[in-house]
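Q: Please walk me through this fold, feature by feature. I would like to learn how to read each one.

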Amino acid sequence: MIRVLVTDDSRVMRQIVIRTLRQAGYDWDVREAADGAEALEAIRADEPDVVLSDWNMPNLSGIDLLRSLRAEGFATPFGFVTSEGSPEMRAQAEAAGALFLIAKPFTPEAFREVIDPVLA
């Protein structure tokens, strides 16, 4: 079973992401982190198969989380689920090693479009 870490400082948004994953047909083992620092510790302790992260969070932003993971040698598939999706943000995410950026509001179909190729 695929293990995913959903990272967002909003508990409600974590629940929405998890529900959307299920609606998209992903019956995954889901763990949660409330910010980038908590996610970094969780990944170091038990690396998941996929990380879905918000961008703007206290303690450690999503982009800083991704950069920290890559600097430590983690190649964990990483995608952003965030309220912003500007071209600059997408370029920054891609340069840091993110596989995708899903902008809110999102649909189960939007998740399938970006996640299926990652899992192939």
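**Reading the fold**

A: Start with one residue. Threonine 76 sits in the loop between helix H3 (62-71) and E4. Keep in mind that this is a predicted model.

Q: Is threonine 76 buried or exposed?

A: Look at relative accessible area; under 20% means buried. Threonine 76 has 1%, so the residue is buried.

Q: Which residues is threonine 76 in contact with, leaving aside its neighbours within four places in sequence?

A: The partners are Ile43, Glu47, Pro48, Asp49, Val50, Val51 and Arg70.

Q: Now the whole chain. How many helices and strands does the protein chain have?

A: Count the elements, then read their order. There are five helices and five strands. Along the sequence the pattern is β-α-β-α-β-α-β-α-β-α.

Q: In what order do the strands lie in the sheet?

A: The order is E2-E1-E3-E4-E5, in an open sheet of five strands with parallel pairing. E2 and strand E5 (100-103) are the edge strands, each pairing on one side only. From one strand to the next, the twist averages 20°.

Q: Which helices pack on the sheet?

A: Take contacts and direction together. Among them is helix H2 (residues 36-45), which touches E1, E2 and strand E3 (50-53). The direction of H2 makes about 160° with that of E1. Helix H4 (residues 87-96) also packs on the sheet, touching strand E4 (78-82) and E5. The direction of H4 makes about 150° with that of E5.

Q: How many bridges join strand E1 and strand E2?

A: Bridges tell you how two strands line up. Strand E1 (residues 3-7) and strand E2 (residues 29-33) pair over five bridges, in the parallel sense. Arginine 3 has aspartate 29 as its bridge partner in E2. Valine 4 stands opposite valine 30 in E2.

Q: How do side chains run along a strand?

A: In a regular strand, side chains alternate between the two faces of the sheet.

Q: What do E1, helix H1 and E2 make together?

A: Trace strand, helix, strand, and check the hand of the crossover. With helix H1 (residues 11-23) between them in the unit, E1 and E2 make a right-handed β-α-β unit.

Q: How far apart are leucine 119 and isoleucine 2 in sequence and in space?

A: Compare the two kinds of distance. They are 117 residues apart in sequence, and 9.7 Å apart in space, C-alpha to C-alpha. Leucine 119 touches Ile2, Tyr26 and Trp28, not counting residues up to four places away in sequence.

Q: What share of contacts joins residues at least 24 apart?

A: Take contacts between residues at least 6 apart in sequence; 65% of them join residues at least 24 apart.

Q: What radius of gyration does the protein chain have, and what would a compact globule have?

A: Set the value against the globule rule. The chain has 13 Å; a compact globule of 120 residues would have a value near 14 Å, so the two agree. The C-alpha atoms fill a box of roughly 30 × 30 × 30 Å along the principal axes.

Q: What percentage of the residues count as buried?

A: Of the 120 residues, 44% do. The protein chain exposes about 5800 Å², and carbon and sulfur atoms supply 50% of it.

Notes
Residues are numbered from 1 along each chain as its sequence is written. This is a predicted model: local features need pLDDT of at least 70, side-chain atom pairs count only at pLDDT 80 or more; totals for chains, interfaces and linings use all residues. Side-chain values use heavy atoms; hydrogens and water are left out. Two strands pair if DSSP finds at least two bridges between them. Helices (H or I, at least four residues) and strands (E, at least two) are DSSP runs, numbered from the N terminus. A crossover is right-handed if, with the strands pointing away from the viewer, the path from the first strand over the helix to the second runs clockwise. Axes are lines fitted to C-alpha atoms, for helices over the stretch in contact, and angles run from 0 to 180 degrees between N-to-C directions. Contact means heavy atoms within 4.5 Å. The radius of gyration is taken over C-alpha atoms; the globule rule is 2.2 Å times the number of residues to the power 0.38. Buried means under 20% relative accessible area, exposed over 50%, partly exposed in between (1.4 Å probe, protein chains only). Accessible areas come from the Shrake-Rupley method with a 1.4 Å probe; for residues, only the protein chains shown count as cover.
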